[in-house]
Amino acid sequence: MKHLKTAPTQTTFFETYAKLAKSITLSGVFAQVVSALTEIGGIFAASYSALLPIFPDLALPIAGAVALIGTAVLELGLRVLMPHTVDAVLYRRYSGLHLPMTIAIWVLTAVLLTASGFLSFQNSKTIVKEYAPEAEQITTTEADSIYQAATARHSATWQADSARIAEQYAAQITAATTAGAGKVSAAKRELSNIYNKERRTGQSYATQKDKARQLIADREADAAAQISALQAAQTNATEEARQRYREGIAKAEAEHRAATGEIKETNQAATTDRAATVAAYGLGLGWFTIVCLLIFTAAVILERIHAKGSGISEKVELSQYDLNPAAWVEAWQALRDRVQYNVRSRIQAFAERTPPPPLPTPAPELYDPTQFANIAVTLKIEREAEEAEQVIYLQPKRRAIGFRTRQTEAEAHTKQTTKKGKNSCAIKGTPTPTHETPELRQLKQRLKDYKKRLGKHQQKAKAQERTKGEATRRTLEAIENNRQWVEHYTELLNQAEAAAKAGK
């Protein structure tokens, strides 16, 4: 389908605004490009955030495809619908079937314009935020390193001091313990000498013993006091070292907090400045997209007014491909026809190779066992001189099959006698054949049916000879089969008619 424009009939109007119309058209294209670029980012971001939890591996390509398709729907839809919206006003398409078309076009154009403007305006801040340089952030690495070094230095000092104090006082406590134990041992030895002296002299030295015991107690107390004093001194020295460690750590932490606080304030100021910049430029870009949308609308309106004023009209040139079904529809139909042809040709070939059904076997006679009890038999026996073998023949009453004509009571009990030699037997109850029995009618009807089928297939064979030059194998086999049936039932009918005549 080709869209052709006629030459302008109002050349003066055309020439007056030709340059303006060309510039306006380019402006409208530029405005749509800007609008599309601001829309595609917003659609992509929304699609990606929605698809990422569900399809983490396919979220990126699917979101890109959705963004491209959504942007194409909006911009191409506006490019097609906007001229029709303007033409509906210029050419007053408000009557007949033009009215519902005009209403639908206006509604769709309003929806697309609103969606395009909203997406472009909202996505402007996102675009500016994405492409604006990040705020310069000062790291706290140096301050952290200084703090960690100071902490490690104070910890090492504390460990060394505590170890030195423990070692120093441990030696003093050991020496004091040893000296005290020696003094106590000497005092105990003096008490032992007094006891030995008492045993040698036989005299009592109670006063000296008391003094010796008091000396032992005094020396033990002095030793314990020295050890306690040393332990107290060790505790004081350790606490002083610990206090120096705590003060050093607290000073390092204060210096670290001061340093990091200044860095955080600087970073926060930079972040605030960037947010203000993004907000300002994002708002400006948003309003710029709205202006571009207005430029696009004005460009389409002026372009259509210029075309109407110049007397330019659009013609549509159709080709046969525009009227034919879609290519994929014809491809599907061709594939379907090929499959149908292959399947049905195989079925037809299989059917032609299938032989006709064989002739049926003669149906067995049916008897009514309830009538055997009512058979009346009359026996007549004749004896010969040579006493030949006596044979008695009994003919039972056959079951009535099909629709028979009514018989009188006398005809129903007619006797038939069959003789062989000089012996005979008459059986009552055998009916006399009528003018035309049901067997004859059935045979005639079957013969008529097969003759009709034979004639039908013969006509079919003649038609095939006229169209194809020869009859098909299946038709010839059907003709031969029905001919055999006709001959078969003709022979049966002749035999039945001969039997009926003989019975009369």
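Which side chains meet in a salt bridge with Glu480? The side chain of Arg483 does, with N and O 3.1 Å apart. A salt bridge here is a side-chain nitrogen of Lys or Arg within 4 Å of a carboxyl oxygen of Asp or Glu. Before going on, note that this is a predicted model: local features need pLDDT of at least 70, side-chain atom pairs count only at pLDDT 80 or more, and totals for chains, interfaces and linings use all residues. Residues are numbered from 1 along each chain as its sequence is written, and side-chain values use heavy atoms, with hydrogens and water left out.

Back to that pair. Both Glu480 and Arg483 sit in helix α10 (residues 473-503), 3 residues apart, or about one turn of the helix. Helices are DSSP runs of H or I with at least four residues, numbered from the N terminus. Glu480 has a relative accessible area of 38%, so it is partly exposed, and Arg483 is partly exposed too, at 32%. The cut-offs go like this: buried is under 20% relative accessible area, exposed is over 50%, and partly exposed is in between (1.4 Å probe, protein chains only).

The structure holds 7 salt bridges. Another of them joins Glu239 to Arg242, whose closest N and O atoms are 3.0 Å apart. These two residues lie in helix α5, and because they are 3 residues apart, about one helical turn separates them. Glu239 counts as partly exposed at 38% relative accessibility, and Arg242 is partly exposed with 26%.

Asp161 belongs to helix α4 (residues 141-201) and Arg244 to helix α5 (residues 206-309), so the pair ties together parts that are 83 residues apart in sequence. Asp161 is buried, with a relative accessible area of 15%, whereas Arg244 is partly exposed at 43%.

Now for the surface patches. They are built from residues with over 30% relative accessible area and no salt bridge; like charges are joined within 9 Å, and nonpolar side chains (Val, Leu, Ile, Met, Phe, Trp, Tyr) within 5 Å. Accessible areas come from the Shrake-Rupley method with a 1.4 Å probe, and for residues, only the protein chains shown count as cover. For charge, Lys and Arg count as positive and Asp and Glu as negative, while His and the chain ends are not counted. The place of a charge is taken as NZ of Lys, CZ of Arg, CG of Asp or CD of Glu.

One patch of positive charge gathers Lys456, Lys460, Lys468 and Arg474 on the surface. Helix α9 (residues 438-468) gives the most to this patch, with 3 residues. Lys456 is found in helix α9, and this lysine counts as exposed at 62% relative accessibility.

A nonpolar patch of about 600 Å² is made by Val89, Tyr94, Leu99, Ile103, Trp106, Val107 and Val111. Helix α3 gives the most here, with 5 residues, and Val111 lies in that helix. Thr114 also has its place in helix α3, which spans residues 98-131. At 56% relative accessibility, Thr114 counts as exposed. Thr114 and Leu293 are 179 residues apart in sequence, yet 10.0 Å apart in space, C-alpha to C-alpha.
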